[in-house]
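Here are some exercises to work through with the model open in your viewer. Try each task before you read its solution.

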Amino acid sequence: MAPVPNPRVLFASIPSGYPVPGENTKYDDSEKIDLENIELKGGYITRTVLLSPEPWLRERMRDPSIVSYGTPMRMGLPIIGPGLMKVLRSEDPKIKEGEFLYGTIPWQLYIVHPWDGWKPYPPGSLPDYTVDMDHGIFNKVEKLPGGKDWTSLPGVVGIAGMTAWMALKEHGDLKKGETIYISTGAGAVGLMVCQFAKFAGLKVIASTGSDEKVKYLLEEIGVDHAFNYKTTNVDAALSKWGPIDVYWDNVGGPTLDAAILHCKVNARIIACGYITEYNGQEKYGVKNLAWLFKKRIKIYGILLPDLIPKWLGPFFEEVYKLLSEGKLKTREHIVHGLENADTAWVDMLQGKHLGKTVVVISDADA
Ligand SMILES: NC(=O)c1ccc[n+]([C@@H]2O[C@H](COP(=O)([O-])OP(=O)(O)OC[C@H]3O[C@@H](n4cnc5c(N)ncnc54)[C@H](OP(=O)(O)O)[C@@H]3O)[C@@H](O)[C@H]2O)c1
């Protein structure tokens, strides 16, 4: 068989605001690969089936001298993020042809593993709070129960579902009859938090960025109250439907400030993400922090890799049960083609989607 194109999406330059596809990222189809004859040297070759563009990739597109919770992306190499692969050929006895693997992978169509773009970080070279985001563990996966398609995988048993479920278990201390407020309620993490909180018997208030998403949250997910934060003031909404026992914070900024004011005594805040700051926006100075001690509010900053060792087993058990019983709803915003992956990612950062953004790269059944 003649060599075939092996397209990739490269990290080309550091964005200053929202990334610009074609400028900060580049689709490149100049490389070719001979799928039948390329040497595997004891490894295996995969074809990428799905990619899961996520907000944390933006944090990684920075000047490498700036330290953060995840390692910086390497310029000139493919973007690296979660994805589903199908094994085409293997010399590794642990990996079989036809199996599906989910993990952190370069944004390219065919990958020979171990991928020669991985560069280990020398021991001690990273601060103790920095996670090596390049070297994802590959898990063998199957389709989710409940008749779900492969596209549902990233939103449920990928980062979004795991973060929602595990952080609620670790810090939520959810009690039936309590009230939770969730910002970015119709995004990947948000939809899962809304549902897990409803299952636990809480009153759920969610905010999101469009009337269509508000309708979805109310009619399909069954939250108690939802509002469009672009047209409804957070303070006014929480005055009406609060006070709150738990705030799930996906955004930071003025929304956090307003949520603190509406917390009850002993409320819990789960600081999951600060998307109001990821794309070069000016940082907002939170003004209501004194209420943390006045109302004995606890604020928990969470990072998924810390939670996985403790919660992975119970997570799969409960989530598979919910899926099998048809209770857990999934919603994907599906985009087709590797050449569209960077645009899909930037659209997700700007809220032009509902649910989990997933990019279909190739046919899982082929
Ligand atoms: N700590 C962890 O381990 C961890 C793990 C996974 C995710 N996260 C964080 O969780 C959050 C959600 O991630 P996700 O993957 O589920 O993404 P997502 O919610 O599917 O997409 C991001 C959403 O953020 C909202 N948004 C964007 N800019 C905003 C702004 N300036 N103000 C308010 N909302 C804005 C948009 O929705 P609207 O329509 O609502 O505007 C957009 O759809 C992110 O902050 C992410 O970094 C953290």
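Let us begin with burial: a residue is buried under 20% relative accessible area, exposed over 50% and partly exposed in between, with a 1.4 Å probe and protein chains only. This is a predicted model, where local features need pLDDT of at least 70 and side-chain atom pairs count only at pLDDT 80 or more, while totals for chains, interfaces and linings use all residues. Residues are numbered from 1 along each chain as its sequence is written, and side-chain values use heavy atoms, leaving out hydrogens and water.

**Exercise 1. Find Trp 115 and Trp 118, and decide whether they are buried or exposed.**

Step one: Trp 115 lies in the loop between strand S8 (110-113) and strand S9 (139-141); strands here are DSSP runs of E with at least two residues, helices are runs of H or I with at least four, and both are numbered from the N terminus.

Step two: Trp 115 has a relative accessible area of 8%, so this residue is buried. Trp 118 is buried too.

**Exercise 2. Classify the aromatic pair of Trp 115 and Trp 118, then that of Phe 315 and Phe 316.**

Step one: recall the rule. Rings of Phe, Tyr and Trp (its six-membered ring) pair if their centres lie within 6.5 Å; planes under 30 degrees apart are stacked, over 60 edge-to-face, and the rest tilted. By this rule the count is 10 aromatic pairs.

Step two: the ring centres of Trp 115 and Trp 118 are 5.0 Å apart and the planes meet at 85°, so this pair is edge-to-face.

Step three: Phe 315 and Phe 316 are also edge-to-face, at 5.3 Å centre to centre with 70° between the planes. Phe 315 is buried because its relative accessibility is 0%, whereas Phe 316, at 29%, is partly exposed.

Step four: widen the view. Phe 315 and Phe 316 belong to one aromatic cluster with Trp 165, Trp 311 and Tyr 320.

**Exercise 3. Which charged ends sit over the ring of Trp 291?**

Step one: a charge sits over a ring if NZ of Lys or CZ of Arg is within 6 Å of the ring centre and within 35 degrees of the ring normal.

Step two: the charged end of Lys 294 qualifies, 4.9 Å from the centre of the Trp 291 ring. That of Lys 295 sits over the Trp 291 ring as well, 5.1 Å from its centre.

**Exercise 4. Which polar atoms lie 3.0 Å, 2.9 Å and 2.7 Å from atoms of the ligand?**

Step one: an oxygen atom of the ligand is 3.0 Å from a polar backbone atom of Asn 250.

Step two: a ligand nitrogen atom lies 2.9 Å from a polar backbone atom of Cys 272.

Step three: an N or O atom in the side chain of Tyr 278 is 2.7 Å from a ligand oxygen atom.

Methods:
Polar contact = N/O pair within 3.5 Å; in protein donor to acceptor, adjacent residues only side chain to side chain.
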